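Hi,

Here is the structure I promised to pass on to you. Have a look at it first, and then read my notes below.

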Amino acid sequence: MIQTILDNALAGELPSHEDAIQLANFDDTRTLADTAQILRDRGFNNVITFSKKVFIPLTHLCRDVCHYCTFAQVPRKLKSPYMSMEEILEVARHGQAMGCKEALFTLGEKPELRYKAAREALADMGYETTTAYLRAAAEAVFKETGLLPHLNPGNLSPEELQDLKSVSPSMGIMLESTSDRLCEKGMPHYGSPDKIPSVRLETLVNAGIAQVPFTTGILIGIGETRLERVESLLAIRDIHLQYGHIQEIIVQNFRAKAETKMVNAPEPDLNELLWTIAIARIIFGAQMSIQAPPNLSPGVLPQIVHAGINDWGGVSPVTPDFVNPEAPWPQLDDLVRETAAAGKYLTERLTVYPAYAQNLSQWVHSDLHERILDMIDTQGMPRIDDWCPGDVDTPPPVEVMTAIMDAPTHVSADITDIISRVRAGESLQENEIVRLFEVRGDDFTAVTQAADQLRREVNKDTVSFVVNRNINYTNICYFKCQFCAFSKGKLAENLRGRPYDLDDEEITRRVKEAWARGATEVCMQGGIHPEYTGDTYAHILKTVKAAAPDMHIHAFSPLEVWQGAATLEMELVPYLQMLKDAGLSTLPGTAAEILDDEVRAVICADKINTDQWLEVMQAAHSVGFKTTATIMYGHVERIEHWARHLIRVRDLQKITGGFTEFVPLPFVHMEAPMYLKGKARKGPTFREAILMHAVARLALHGQIDNIQASWVKMGHEGVKGCLNAGCNDLGGTLMNESISRAAGTQHGQETSSEEMRRIVRSLNRNPRQRSTTYGEINKEREQSGLNAGELIEIINTPARKYERKRPSASLVRNDLIDAVDISGG
């Protein structure tokens, strides 16, 4: 019967109450832990998390008298009933300086109901209740330091929870136990009205109603039975299944403390702790976070990991554990080492867990959204370095650059299997690609090295680039993409700089100069000017060909093609043929952003949708055009959107074979409207950027041979990391780069042919100047590029003031479904 319960748990079925109670009588901890490990790995892979916190004991006064507690004190033993606001901020500032992200407020429960000293102290500070002072303190810490408060004030009413929610993204209360027996005379909770189980369960319900991400758990070894532990866990699960707000379950082992009534009480042994952790994992399943404090069990942390935890809780480099002062926090280096000894990778999390950080609109007060979005990556985990796309002041993190080259020692079996499937020529499914994007630690190393091995097999040690010039012919655009800082509105609106619309003379000058400097390609894109028609694009092509007949024209995104065809009331194929006849050579695969309409509805709702982008590309390939494909990532999307994007590109490539390369374009946030409005993350982390290139190599293997890194966004040092993780191409020298620079990148507007070669040779690779379609170029073009002189400063022809000839309603737009908030902002 027990084995059936465990088998069902492994099949994804949570044990019923009856089944869980049967487990209370099962003594085989090893069997339970074996099941728990498998479940934990399904939910959290090879990752164990912790929160780097600073501990703020707001007050040691408490109206309860738990018999095991040394945190609670009486007024005569305290210098002051409460920490002052300046004392609180001083601790928080120290935590901020040490890299903490959480401010854990711990305090006794409603001391003003018991102590006159508490009431007087609150009155002197201008507060009626401890909860009101807590709110003010949390708000001050958040505003001054940016640390995220996590509040543990005890039992709370619905009104108190709503009030505190505006200054704290998460809160918690330890249920400890649902056993009323522990509140009887002679038991540890006797005389503590706030430890009555029904009262604490009511707070859990109130938190669910208030939609507060909540922490709770049980305290073991205080006189409860195993059955009572199981009943306590089931009571928590019942509430969580109704509201979905419990983000972690803490299994805390009792430690006997001097000067308490339980000083001589026996502590639970290691087997009891491991048994309870395993039971908690089985009762809650793969997705719930199960935590055990590492400072309470020194020397046995690998065993605790093997029992099914995925989290160590808060660990402070600044303050002691005021609840368990006899148990110092482990040094983080030691925690990393002991976690690794269990075959796991230790990384940080925020006080608000990833699933809730990814859904801020439901779970977190709007006043906190902007800060949290600034702190998280695509998975809702904290950014642990300062690197951002386009930032020249912060180099790529050494830890990631090193991890790419390290020898992995503990690679997850499923990652090894996925890599084997790629090498066998199989197409990965969405869930497998998602799994590749999740990797950390040795799994990250394994994925990046597998991608680079494929790169060596397909592209050898050659790294290619093209000498080209970007010509953005206008920055006037009537679309309202939320990520774009390049486009301008009407001249009268004068948004973010002067609108321009290049005349033929300036286009001609730039093309001739590019040819003289060794360019083989001009890359041409622009805003969607409301006065442009399909004939405008054909005219631009003819202007270029008149200036340099042999110049390869790589121009017009699918959006421009769609709009041009629509203005002439032409089908896509004949319009593309018209552009081909006018001199168009290939098309850039921009305007793809994220090929998923759930995301596009948020970031570019009036732009062409996913199917339309793919339709343009399929039509272009049918006419004989080669095109690139891109992804713009790191803003509001999730990793499953990345996976779907890759699959959609791959599936079209299987049909047409028309994509020459895949180009990841990390979101540059600095001037992007949706970031400035507090609605987006600040681009991918460096780890994510490396993974995008590596996973693209794996997911597109056998279909698209060339993976390109954008030096404009990644920087010269950043692209070196990409070249060691599956990339084989550095794109174009550009000469003029306007769009990314408008968004805030500071990596310049040209990387010369000579500098491209230097970057490649620094990695002991072979540079190769190529044509747009990866063919050879002649020596004259190559030498002209190496001898290129200084660029003449560009002149952006001021846009004339215009009155729209067509009403706004007739402009070509695609109105997607009403924008859905998937970023949490």
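Ile 471 has Met 524 in strand 12 as its bridge partner. Just so you know, this is a predicted model, where local features need pLDDT of at least 70 and side-chain atom pairs count only at pLDDT 80 or more, while totals for chains, interfaces and linings use all residues. Residues are numbered from 1 along each chain as its sequence is written, and side-chain values use heavy atoms, with hydrogens and water left out.

Back to the strands. Strand 11 and strand 12 run parallel and are joined by 5 bridges; two strands pair if DSSP finds at least two bridges between them. Helices (H or I, at least four residues) and strands (E, at least two) are DSSP runs, numbered from the N terminus. On to the next pair: strand 12 (residues 521-525) is linked to strand 13 by 4 bridges, and these run parallel too. Here Cys 523 sits opposite His 554 of strand 13.

Put together, you get an open sheet of 3 strands in the order 11-12-13, with parallel pairing. Strand 11 (468-472) and strand 13 are the edge strands, each pairing on one side only. Ignoring direction, neighbouring strands here are turned by 25° against each other on average.

Now for some helices. The axes of helix 16 (residues 398-405) and helix 19 (residues 442-459) come within 7 Å and cross at roughly 60°. Axes are lines fitted to C-alpha atoms, for helices over the stretch in contact, and angles run from 0 to 180 degrees between N-to-C directions. Helix 16 and helix 19 are therefore oblique to each other (angles under 35 degrees count as roughly parallel, over 145 as roughly antiparallel, 65 to 115 as roughly perpendicular and the rest as oblique). On the helix 16 side, the contact (heavy atoms within 4.5 Å) is made by Val 400, Ala 403, Ile 404 and Met 405, and on the helix 19 side by Phe 444, Thr 445, Thr 448 and Gln 449.

Compare helix 6 (residues 130-145) and helix 7 (residues 158-165): their axes come within 10 Å and cross at roughly 15°. Helix 6 and helix 7 are therefore roughly parallel to each other.

Cheers
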